[in-house]
Amino acid sequence: MKISFSILTRVVLLGLIINVMNVIDSQATGPKKGKWVKLFDGKTLTGWHTYLKPGQPASDKWQVEDGAITLASRGGGDLVTDKEFTNYELELEWKISEKGNSGIIYRVHEDPKYKASYQTGPEMQVLDNERHPDAKAGKNGNRTSGSLYDLLPPSDFSAQKVAGEWNKVKLVVNNGTVEHYLNGKKVVEYKTSGPEWDKMVSESKFKGWEGFNKFNTGHIALQDHGDKVWYRNIRIKEL
């Protein structure tokens, strides 16, 4: 059977076009699995917005200072990623001011029905343990740095560095299991559903919150608790 040169050329060209379109599509859908991707470029707030204000510039209360995202003063609202994620490793560093309070909130569902990011997203606490009263509130230290806020205390209270020093965080969210790491130590691990989770919630401030931790895919938020805080070297790897 003879196939004309022009037909072969068209087939080859069509294949090349399809390959190029697939590459473009994969790039447009976000970071590839297994690749570390920066969520903060160290210079701008590109890729972030104020909670419930997608498509708008972030509040000027959130600024970039010496290569870090910083909350300069109260009233900025929580800063959330433009993109949503399901299974991932998140790494960042944070530094809290004296008597300061903030948090890293994840699995956040952005909907006007929920007025704050913490209504849907669990929180890894960021706190000055020595001076902020929240450290002594809750139960058994479950509001101290590294904790699953108001639910699980960190397994090692010595993992945190003092206010004014940088702390390194790794957060792993993967197929229903979440792990908090603080300065190289795993301090929290839990399942996002099941009898143990239900019991924890029933004994916490989140009892009866219909949307709390119900969304497998969501944004990542940096909390405005009114106190100065810094975040830098923020990157994510989808699993």
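Which side chains meet in a salt bridge at 3.1 Å, N to O? They are R232 and E93, and view D below returns to them. First, some housekeeping: this is a predicted model, where local features need pLDDT of at least 70, side-chain atom pairs count only at pLDDT 80 or more, and totals for chains, interfaces and linings use all residues. Residues are numbered from 1 along each chain as its sequence is written, and side-chain values use heavy atoms, with hydrogens and water left out.

**View A. The whole chain, with two helices and 13 strands.** Helices (H or I, at least four residues) and strands (E, at least two) are DSSP runs, numbered from the N terminus. Of the 239 residues, 47% count as buried; buried means under 20% relative accessible area, exposed over 50%, and partly exposed in between (1.4 Å probe, protein chains only). Take the contacts (heavy atoms within 4.5 Å) with a separation of 6 or more: 68% of them link residues 24 or more positions apart. Carbon and sulfur atoms own 52% of the accessible surface, which comes to about 12,700 Å² (Shrake-Rupley method, 1.4 Å probe; for residues, only the protein chains shown count as cover).

**View B. Stretches with pLDDT under 50, including residues 1-5.** pLDDT is the predictor's confidence in each residue, from 0 to 100. The chain averages 91, and 87% of the residues score at least 70. Residues 1-5 stay under 50, and the model gives them one contact beyond four places in sequence. Residues 20-30 are also below 50, with two contacts beyond near neighbours in sequence.

**View C. An open sheet of five strands, in the order 2-5-12-7-8.** The pairing here is antiparallel; two strands pair if DSSP finds at least two bridges between them. Strand 2 (48-50) and strand 8 (123-127) sit at the edges with a single partner strand each, so one side of each has no neighbour in the sheet. On average, neighbouring strands are turned by 20° against each other, direction ignored (axes are lines fitted to C-alpha atoms, for helices over the stretch in contact, and angles run from 0 to 180 degrees between N-to-C directions). Zoom in on strand 2 and you find three bridges to strand 5 (residues 79-81). H49 stands opposite V80 of strand 5.

**View D. R232 and E93, back again as a salt bridge.** A salt bridge is a side-chain nitrogen of Lys or Arg within 4 Å of a carboxyl oxygen of Asp or Glu, and the whole structure has 13 of them. R232 lies in strand 13 and E93 in strand 6 (residues 88-96), so the pair ties together parts 139 residues apart in sequence. R232 is partly exposed at 24% relative accessibility, while E93 is buried at 17%.

**View E. E65 and K228 meet in a salt bridge at 3.6 Å, N to O.** E65 belongs to strand 3 (residues 62-65) and K228 to the loop between strand 12 (219-222) and strand 13 (229-238), so this pair ties together parts 163 residues apart in sequence. E65 is partly exposed at 29% relative accessibility, and K228 is partly exposed at 31%.

**View F. R143 and D134 form a salt bridge.** Their closest N and O atoms are 3.3 Å apart. R143 is buried at 17% relative accessibility, and D134 is buried at 11%. Elsewhere, salt bridges that share partners join E98, D128, E130 and R131 into one network.
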